[in-house]
Every structure is written in C-alpha cells, then in structure tokens.
Amino acid sequence: MDTTSLFRLDGRVALVTGGSRGIGKMIAAGFIAQGAKVYISSRKAAACEAAAAELGPNCIALPQDVSTVAGCQALAERFAALEPQLDILVNNAGAAWGAAFEEFPESGWDKVMDLNVKSPFFLTQALHGVLKKSASRERPAKVIMITSIDGMRLNPGETYSYHASKSALIYLTKRMAARLVRDAIHVTSIAPGAFASEMNRVARDQGEAVAKVIPARRIGVDEDMAGAAIYLASRAGDYVVGDTLTVDGGVAHASLGAGFD
C-alpha cells in the first residue's frame, strides 16, 4: 500500500462555483496546491478575474451567474468548450436571507432556494456529460455540495429559506449520489460551521466571540476547509458516497446544547 499520493490531484480538472471568495476560494487554493487545474466561477466577473490572478496560472476565471437554469447551462457550455472532461465539481455558490417571520419576503425565499438547491442540481445535470467522460470505477469523478450545519440543527437567526435549503441539499446529495454512482460519479457534501466569509460576517467580524461557543474554541481556517475538500476530491475519499462531512469544530455533534459545553 502506497499512501504518498492519496491526497494529490495532479492532472485533474476542477470547477468551483462561488470560487472568487470565502469557502470556494479556500477550496480552489487547496486543489491547486495538490496539483489540480481549477476553474472558478462567480457572478461578478471582476472579482472572479482578480481571484484567479491571485491563485496563479493553474486557476482560470469563468464568471457566470448560476442562479437560473439558463445560467447553469451557459456555464456548462462554456466549460465544455475549454475542457473535454471534468474530474471535480464543487457546487459552492450560495445565498442567505434573514428576516422576521412576519416580514419574510417571497423574494428572500426564492433567491435562496433557487441558488442553494435548484442550481446545484441543474448545474450537475448540465455537466453530467463531461463528468462521465472523466469517470471510471478506478478513478471516479466527484461532485461536492457545500451544505451547512444549519441544515442539521437550528441557529438563532430567522433564516427560514437558508435552513430549509441546506437541509434539502443534504438530502439531495444522497438522492443524486444513489443515481450518479452508477456512472462512477461520487456525490458528497461538506457542511461547514463558522468560517470567516462575506456570507458569515459574524464569524468574520466577531471571530473571538463566536469561538467561545464552539467546542474546539476557534472558528474554521482555510486549511480546515481545504483539507476536507481535498480528502473528498482525491483518491483518499473514493469510497465515500452520499455522505456529508461536518467541518464545524464540534458544534453540530459535540455540543451539549445551544452552542455551549
């Protein structure tokens, strides 16, 4: 048994949505460090180009709004024009919305559910052909959904559509895994906890306070997220199918309640 290359991604091609910042950028950087060629996509072209320039020559910007089915199909077509096959897809692009129950708007429901649930399904569907070209029993293609611990347990915020969307995506991961494993495409998810990002501004701006209610006593850092994604994307994770890897310092599964121990 040779474990020296278990986590390497040499020669593999990845696409990370929402890859210009936050968790998507952490994952893209980790893949590149392990030898992958990574395409990053985001809605804002300038931010996408800037992130790709920062991450180096093995990172290519492919800006696209994937909040609609047409946008997902457009991204898939643009990718297929550049690469004959896709080894790793990370469905990371997402949105959140918070408002009081009495005031929660339809727009906040639809935006979040469309981007967090609908788009991962239809983008994977649109890229099914290039994923199948890469996939084999010996080296399966990978689809990694970025879910959330908010899909497993409640947080104090009134983020109704976000909670619902992430719970749905965890179960969608299982349903898609059951189908796509027949094509040697393995679908999994990562459920992050507190990582500093534009979406999680509390962790970004009040990290020390947030750390006090995390069993591990810190918020997540880039290496935590990159390591989890590299594991699932690489040979090391080839026998993991349909499962959700929780990366949260113990909040969801090692807390005695209300985030305190």
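Predicted model: local features only at pLDDT ≥ 70, side-chain atom pairs only at ≥ 80, totals over all residues.
Before anything else, a cut-off for my notes: buried means under 20% relative accessible area, exposed over 50%, and partly exposed in between. Lys44 has 49% relative accessibility, so I file it as partly exposed.

**Charged patch.** I looked up what surrounds that lysine. Lys44 belongs to a positive surface patch, together with Arg21, Arg43 and Lys111. I find Lys44 in the loop that runs between strand E2 (37–41) and helix H2 (45–55).

**Nonpolar patch.** Next I checked for greasy surface. Phe101, Trp109 and Tyr160 make a nonpolar patch of about 340 Å². I traced Phe101 to the loop between strand E4 (88–91) and helix H4 (106–126). Phe101 counts as exposed because its relative accessibility is 59%.

**Salt bridges.** How many salt bridges does the structure hold? I get 9.

Glu54 and Lys25 meet through their side chains at 2.7 Å, N to O. This pair links distant parts of the chain, with Glu54 in helix H2 and Lys25 in helix H1 (residues 22–33), 29 residues apart. Glu54 is exposed, at 57% relative accessibility.

Asp87 bridges to Arg139, and their closest N and O atoms are 3.0 Å apart. Here I have two loops 52 residues apart: Asp87 sits between H3 and E4, Arg139 between helix H5 (128–134) and strand E5 (141–146). Buried or exposed, I asked of Asp87? Asp87 is buried, at a relative accessible area of 4%, while Arg139 counts as partly exposed at 28%.

Lys142 pairs with Asp238, the closest N and O atoms being 2.7 Å apart. Lys142 lies in strand E5 and Asp238 in the loop between helix H9 (222–233) and strand E7 (244–247), so this bridge ties together parts 96 residues apart in sequence. Both Lys142 and Asp238 are buried. I also see Arg235 joining Lys142 and Asp238 in a network of salt bridges.

**Polar contacts.** Ser189 is buried, with a relative accessible area of 0%, and its side chain has a 2.7 Å polar contact with the side chain of Thr244. Then I went to His163, in helix H6 (residues 160–180). His163 is buried too, at 10%, and its side chain contacts that of Thr159 at 2.9 Å.

**One last look.** Pro63 is in the loop between strand E3 (59–61) and helix H3 (69–82). With a relative accessible area of 17%, Pro63 is buried. I noted 5.0 Å between the C-alpha atoms of Pro63 and Ser42, which are 21 residues apart along the chain.

Terms used:
Residues numbered from 1 in each chain as written. Heavy atoms only, no water. Patch = residues over 30% accessible without salt bridge, like charges linked within 9 Å, V, L, I, M, F, W, Y side chains within 5 Å. Areas by Shrake-Rupley, 256 points an atom, 1.4 Å probe, with all protein chains shown as cover. Salt bridge = Lys/Arg side-chain N within 4 Å of Asp/Glu carboxyl O. Lys, Arg positive; Asp, Glu negative; His and termini not counted. Charge placed at Lys NZ, Arg CZ, Asp CG, Glu CD. Helix = DSSP H or I, 4+ residues; strand = E, 2+ residues; numbered from the N terminus. Buried < 20%, exposed > 50% of the residue type's maximum accessible area, 1.4 Å probe, protein only. Polar contact = N/O pair within 3.5 Å; in protein donor to acceptor, adjacent residues only side chain to side chain.
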